[in-house]
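Let's take a walk through this model together, one piece at a time. Have the sequence and the 3D view open as you read.

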Amino acid sequence: MTDLYGVVPEPLAFAARDWGDLAELMERSSSDLGGQGVGALAPSVQAAASAFLTAWAGYAGESAAIARGFSSALDALVADATHTDDAIDTHFGGIDARLGPAR
Amino acid sequence: MTVTIEVPASQPTIRRPEGQPGGSDTLAETLYTAASRYEEFADEADQLLAPRGFSGQGQNAYQAAGGKAAGEHRAMATTVERVARAVTAYADTLRDLLREWQELSDRQDVLDDRRTALIADINATTDATEAQIAALRERASALAADYAELVTDHDGLHRRVRANEDLLRQVFESATSLDEALSADGGVPEFAQQAMDRPGAPGSGATPEETRAWWEDLSEAEREAVVSSYPGLVGSADGLPADARDQANRVLLDDDLATLGSKADDGLITPAEQKVLDNARAAQQAMADADSFEDPITGERPGGQLWLYDPSAFDGDGRVAVAVGDLDTADDVAVFTPGITTEMSDVPGYTDQMQNLYESTRYNGDGSSVATMFWLGYNTPEGAIDWDTMTEGRAADGGERLADAVDGLRASRPDDPAHMTAIGHSYGSTTTSYAAADHDLDVDDVALIGSPGAGPADHASDFSVGQEHVYVGRDSRDFVAVLGDEGWIGKGGLGLGTDPSSEDFDATRFESEREDRGSTRLDGDAHSSYLAHDTESLYNLGLIVDGHGDQVNTASQSYDPWYDVPQDPEWDRDPSSGVPGQSQTRDPGQP
């Protein structure tokens with residue numbers, strides 16, 4: 001893909017993909033933390049451990065959402081830029097810039 | 001006449017500490033994995049902050065959002081990693097407590113058997129004499145005292161159980177809210193922070209003696225807390241008991257194995273991190289070997305200790321020290337310093353050699369307890385043809401570090417000093433020489449093996465231990481050990497100082513020939529065989545470590561007559577292998 005008036009789509013698409021991968025990893029962590037039992041700990045520790053794991057499963061979910069947000073924003077940027085480039089192409093392509101009889 | 005003998009009741013009701021170490025380890029692994037993911041998030045966010053591809057206001061907004069995400073996720077990685085370490089420490093302590101619980105249970109079984117036997121004897125006794133009654137009362141009294149001691153020990157066990165549980169609970173509580181998760185102290189209990197604020201704490205610039213005093217003033221709970229919350233500082237703190245350092249370093253080791261292992265599984269590990277992970281895996285293997293080693297006399301396992309663990313030091317070459325035996329209690333302690341090209345990845349092989357040294361020392365020893373430590377605390381040169389090798393700079397720096405390490409060991413046992421021996425091999429012998437000649441190395445004996453030269457020392461009397469406590473092993477076929485200067489001409493800077501096996505240096509040279517030696521110095525592996533079983537060298541080193549250097553089988557010193565090339569009288573002597581009193585270092589029945 002060629003440059004779009006200063007916007008280079010490839011690195012942006014790669015970045016979007018990497019953020020998407022990170023989102024998946026954090027979703028997995030959220031699931032792991034949320035599903036982690038505390039039965040191996042002494043009873044006096046279990047309540048605090050459960051509260052911790054519940055909170056951190058939520059944080060990891062938020063992190064996944066943040067990563068998805070970056071990924072989506074970058075994908076949208078590439079799409080918008082491509083769309084705008086196509087529109088500009090159409091606009092300029094429709095102009096007959098010749099003079100005289102050739103016009 | 002009826003006689004009353006009070007038989008004590010069986011007590012206490014011994015309670016098993018609650019919790020499962022294995023399951024706790026699983027929880028820790030989940031947390032380490034989460035930590036690695038947060039770190040990956042932060043790393044990736046940092047990388048993605050400057051994508052080639054666009055500019056202007058949009059990129060500014062992107063960078064602002066990404067920068068905030070990177071910073072917050074890095075803080076969260078640190079916090080969850082701290083919690084994971086605390087869970088690891090909890091599991092390790094719980095293992096110790098369960099072992100102790102088992103011992104108390106066994107003790108109670110023995111006491112109960114004595115009680116049953118006493119009751120049976122009382123019931124079987126009729127028309128007892130005064131002496132018989134007195135004997136039965138004495139048994140009852142002794143039993144009561146032993147039960148009382150068991151009660152005290154049981155109380156102590158459960159005090160430590162509560163402390164272990166309280167600590168982990170507080171760690172969880174200090175890392176649960178978002179503010180705590182993002183804070184620089186997330187996951188650190190307040191009383192651990194307060195302990196580290198006291199004078200003498202590791203990392204404060206205190207002397208080993210001050211650090212030891214700081215440790216002595218901490219409660220059991222505070223000790224567990226600082227090990228768990230500050231393992232990096234505790235694990236390398238000179239002056240602290242080896243057991244405390246070991247606990248802290250094992251927490252760090254478990255952390256690296258899990259966190260970096262998770263990154264590797266996710267395909268996001270960097271080459272530098274991979275090197276750290278490789279070093280961690282080498283240390284893991286070494287510790288497994290050391291922990292499973294059995295004393296040749298008692299058959300018991302003296303255990304291993306991870307005295308130093310710093311896998312990313314020296315551009316990834318790593319720093320590590322692994323002991324076979326208990327450095328806190330052993331009567332005889334040996335510290336072995338290796339030579340050029342040694343890196344942390346070599347630690348399993350050297351740990352095997354430390355087992356050989358331990359075995360030889362015990363097998364031919366006087367019954368004293370032993371610990372042998374492989375110490376790689378300095379940056380070894382990368383090769384023989386290397387500016388760092390020829391300039392001795394690494395040896396000089398290493399010598400200072402070695403002397404500091406020994407000072408740390410000494411400070412950790414102020415009231416129970418061990419007999420200590422420093423053994424330096426190859427370039428490590430030059431390093432050891434710098435420590436002994438320039439930094440007042442505080443050991444009792446020094447042994448140099450396969451030495452290319454004694455660095456700054458021209459004579460054995462230059463060493464801090466005095467001439468009569470300097471020993472040298474040189475295999476006549478060892479091509480490295482003939483590089484040192486001999487005679488008035490010397491060898492033109494080929495080696496690293498005076499040959500310590502020479503008449504000029506005048507140390508006690510001991511027999512170190514291999515039975516399967518080659519006919520030239522280029523045959524065989526003489527330079528790397530000084531700690532091989534059933535060799536003359538290992539036999540004599542065992543005696544030195546055991547504190548009986550005066551009983552080594554001495555060898556004639558090398559010399560350099562003005563009319564000829566340097567001479568080694570050992571060249572033509574017939575060496576032995578596995579001969580009692582000369583080279584037998586273990587039970588002949590062993591493989």
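Arg410(B) and Asp444(B) join their side chains in a salt bridge, with 3.1 Å from N to O. The term salt bridge here stands for a side-chain nitrogen of Lys or Arg within 4 Å of a carboxyl oxygen of Asp or Glu. This pair links distant parts of the chain, 34 residues apart: Arg410(B) is in helix H13 (residues 393-412) of chain B, and Asp444(B) is in the loop between helix H14 (427-438) and S6 of chain B. Helices (H or I, at least four residues) and strands (E, at least two) are DSSP runs, numbered from the N terminus. Arg410(B) counts as buried at 16% relative accessibility, while Asp444(B), at 30%, is partly exposed. The cut-offs are under 20% relative accessible area for buried, over 50% for exposed, and partly exposed in between (1.4 Å probe, protein chains only).

A word on ground rules: this is a predicted model, where local features need pLDDT of at least 70 and side-chain atom pairs count only at pLDDT 80 or more, while totals for chains, interfaces and linings use all residues. Residues are numbered from 1 along each chain as its sequence is written, chains are lettered from A and ligands numbered from 1 in the order in which they are written, and side-chain values use heavy atoms, with hydrogens and water left out.

Back to the charges. Lys263(B) forms a salt bridge with Glu273(B), with the closest N and O atoms 2.8 Å apart. Lys263(B) lies in helix H9 (residues 242-265) of chain B and Glu273(B) in helix H10 (residues 271-292) of chain B, so this pair ties together parts that are 10 residues apart in sequence. Buried or exposed? Both Lys263(B) and Glu273(B) are buried.

Now zoom out to the domains. Chain B splits into domain 1 (21-264) and domain 2 (270-572), with bounds from an automatic or database domain assignment. Their centres, taken over C-alpha atoms, are 34 Å apart. In terms of contact (heavy atoms within 4.5 Å), 25 residues of domain 1 of chain B meet 26 residues of domain 2 of chain B. The two domains bury about 1,900 Å² between them, 59% of it on carbon and sulfur atoms; buried area is the accessible area (1.4 Å probe) that two parts lose on being put together, summed over both. Arg250(B), Leu253(B) and Leu257(B) supply 25% of the area that domain 1 of chain B buries against domain 2 of chain B, more than any other three residues. Arg250(B) also forms a salt bridge with Asp291(B), the closest N and O atoms being 2.9 Å apart.

Which parts of chain B does helix H15 pack against? The buried residues of H15(B) pack against strand S3 (332-337), helix H11 (347-363), strand S5 (419-425), strand S6 (445-449), strand S7 (470-473) and strand S8 (508-510) of chain B. In H15 (residues 536-545) of chain B, 10 of the 10 residues are buried, so this helix is largely enclosed by the rest of the structure. Gly547(B) follows H15(B) and has a positive phi, near 90°.

Finally, look at where the chains meet. Here 37 residues of chain A are in contact with 43 residues of chain B. The area buried between chain A and chain B is about 3,300 Å², and carbon and sulfur atoms give 74% of that. How many salt bridges are there between chain A and chain B? The count between these chains is 0.
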